[in-house]
Amino acid sequence: MLSGWREVTARRPWRISAKLLIISSVVTVIGFSAICVNVMLDMRRGEEALARQTLENLATTIESDVSRNIEIYDLSLKAVAANMLLPELATVSKPIRHLILFDHATTARHFGAIRVFDAEGRLTIDASTLDPLPEVRSEEDYFRVHRDNPDIGLFISRPMLFRGAYSIVLSRRVSDTDGGFMGVVAGSIRFSYFHELFERLNLDPDDSITVLKRDRTIMMRRPFDLDVIGKNLATQGSWKADNLKAGGSYAGQGPVDATPRLYSRSGDSGPLFVVAGKPLTAVFELWQREAYRIGAVVLALILFMLASTLVLAREIGRRAEAEHKLEEMATTDALTGLKNRRKFDSVIDVEWRRAMRQKAPVALLMIDADHFKAYNDTFGHQAGDQVLVGIAICISDSVSRAGDCAARYGGEEFAVLLPNISAADAYKIAETIRLKVQGWSDDQASTTVSCGIASLVPSAGMDWPVLVAAADKALYAAKAGGRNQSVVASLPQLSLVA
């Protein structure tokens, strides 16, 4: 039996259901989409990393240039402050004094002339002229901070209008040998230096370069805006300093304007630091074009795959439906609509084995139309067919459980398989069928049925033909006893009781 089942299984073609095909396609689409999304995100991260590295290099380069120039200019300020302590300075002429003070002073077109103010803030010496005009700067920040703080060192002022040009003022304290305040030496770096520096760079119009003091005062910015220059970002509650730490980066809206940018900040090596920014739209412009292109191709492939899947699923569904109809035709009696003999034999074999495993009863009704041959000969085959259909309807109405199987066993004989039912319960169902047929025939034709009932619990060594034979004997007993009655076979002796 096992080898026969294997042969049948080997001959049976492997079939894929429409639902499985759709699920497989959806899973494939999801997996493929996930891979594409992951690749696109990796590309995006790569573009961001490249832009961040470029901005870091830019910010570091600008910061190095600015710091170097400030350091060079500061050396000149230190030299002047040191030379102011020379005793012979008061005895020499003004030209000689200029040579002594400003011999090592840095001169460049973007650097303002170095000036010396006394302890009262009065201009005493100007590197650009031997006879400077009277001028008092005691109220300026770059004067007061040195007067009040002896250890301030190099002081860089806020951006301001200095000697007719927007500049930042660099200043140092002039102290006597005892540390007393003698005045201030000051110089300036004009904005033209920053403009020229930024113009040498290959920047997009919306790229930003911001030079700031350590207290986060904006010293210079590109794009240039006087309303922004001198603004202290520490006073802005909406912007946190931790967003952009030294040597770090930040993506989003900055503290100056609403344009979302990728910002990178230089380190803390100099007195000023630089923040370079690039709009996020420009950072991801190339990636976005590539993403749209790849996304369009992937979407087209997904739509094609889903459309193909739906077409195949519809064809599989049609085939399954046709096969179901063929199977139904092969297992259904064409006249009565009940299962045919072949289907009945298959079902009883399965139920018999299940009942044997579960040690549960299985019952069988064998039903036969009384005097059918005489009726058929008298009224014709068409009338006889109507009687069989009527009996089948009465059986179907009385057998409603999912596991029950009602079949046309052959000719005018019917069989009803009732799993998990005792003989007493099976007898009740048989009587229900018999009485329904009798009630129906009173109105239609003089037709009755006889029923044979058998119920047993299968055991090892028994096969289901034993049950069929018992029900058959009970059916013959019902016919011998006068027909239109139900008889239960008594097992295992198979004695008959009415």
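Ring pairs join F117, Y142 and F162 into a cluster, where two rings of Phe, Tyr or Trp (its six-membered ring) count as a pair if their centres lie within 6.5 Å. The structure described here is a predicted model, in which local features need pLDDT of at least 70 and side-chain atom pairs count only at pLDDT 80 or more, while totals for chains, interfaces and linings use all residues. Residues are numbered from 1 along each chain as its sequence is written, and side-chain values use heavy atoms, with hydrogens and water left out.

**Aromatic rings**

A pair of aromatic rings is described by the distance of the centres and the angle of the planes. Across the whole structure, a search finds 10 aromatic pairs. One of them is formed by Y166 and F191, a stacked pair with 6.0 Å from centre to centre and 20° between the planes; planes under 30 degrees apart count as stacked, those over 60 as edge-to-face, and the rest as tilted. Because Y166 belongs to strand β5 (residues 165–175) and F191 to helix α5 (residues 191–199), this pair ties together parts that are 25 residues apart in sequence. Helices (H or I, at least four residues) and strands (E, at least two) are DSSP runs, numbered from the N terminus.

F284 and W287 form an aromatic pair that is edge-to-face, with 6.2 Å between the centres and 70° between the planes, and both F284 and W287 are buried. A charge sits over a ring if NZ of Lys or CZ of Arg is within 6 Å of the ring centre and within 35 degrees of the ring normal. Another such arrangement involves R341, whose charged end sits over the ring of Y409, 3.9 Å from its centre.

**Helices**

Two packed helices are described by the angle between their axes and the distance between the axes. Helix α2 (residues 18–83) and helix α7 (residues 285–331) have axes that come within 9 Å and cross at roughly 175°; the axes are lines fitted to C-alpha atoms, for helices over the stretch in contact, and angles run from 0 to 180 degrees between N-to-C directions. This crossing makes α2 roughly antiparallel to α7, a label given to angles over 145 degrees, while those under 35 count as roughly parallel, 65 to 115 as roughly perpendicular and the rest as oblique. The residues of the contact of α2 with α7 divide into 19 nonpolar, five polar and three charged, where Ala, Val, Leu, Ile, Met, Phe, Trp, Tyr, Cys and Pro count as nonpolar, Asp, Glu, Lys and Arg as charged, and the others, Gly among them, as polar.

Helix α10 (residues 381–398) has 18 residues, which should span 26 Å at 1.5 Å a residue, and its end C-alpha atoms are 26 Å apart, which agrees; the expected span is 1.5 Å times one less than the number of residues. Among the buried residues in α10 are A383, G384, V387 and L388.

**Pairs separated along the chain**

I433 is found in helix α11 (residues 423–443) and is buried, with a relative accessible area of 0%. I70, placed in helix α2, also counts as buried, at 2% relative accessibility. A480, by contrast, has its place in helix α12 and is exposed, with a relative accessible area of 70%. The table gives a partner for each of these residues.

| Residues | Separation along the chain | C-alpha distance |
|---|---|---|
| I433 and C451 | 18 residues | 8.9 Å |
| I70 and G270 | 200 residues | 8.9 Å |
| A480 and S450 | 30 residues | 9.9 Å |

**Backbone details in loops**

The peptide bond from R222 to P223 is cis, with omega near 5°, and P223 lies in the loop between β8 (218–222) and β9 (249–253). In the loop between α12 (465–480) and β16 (486–490) lies R483, which has a positive phi of about 65° although it is not a glycine. N484 is found in the loop between α12 and β16, and its phi is near 50°, a positive value in a residue other than glycine. R483 is partly exposed, with a relative accessible area of 31%, and N484 is partly exposed at 23%.

Methods
Buried < 20%, exposed > 50% of the residue type's maximum accessible area, 1.4 Å probe, protein only.
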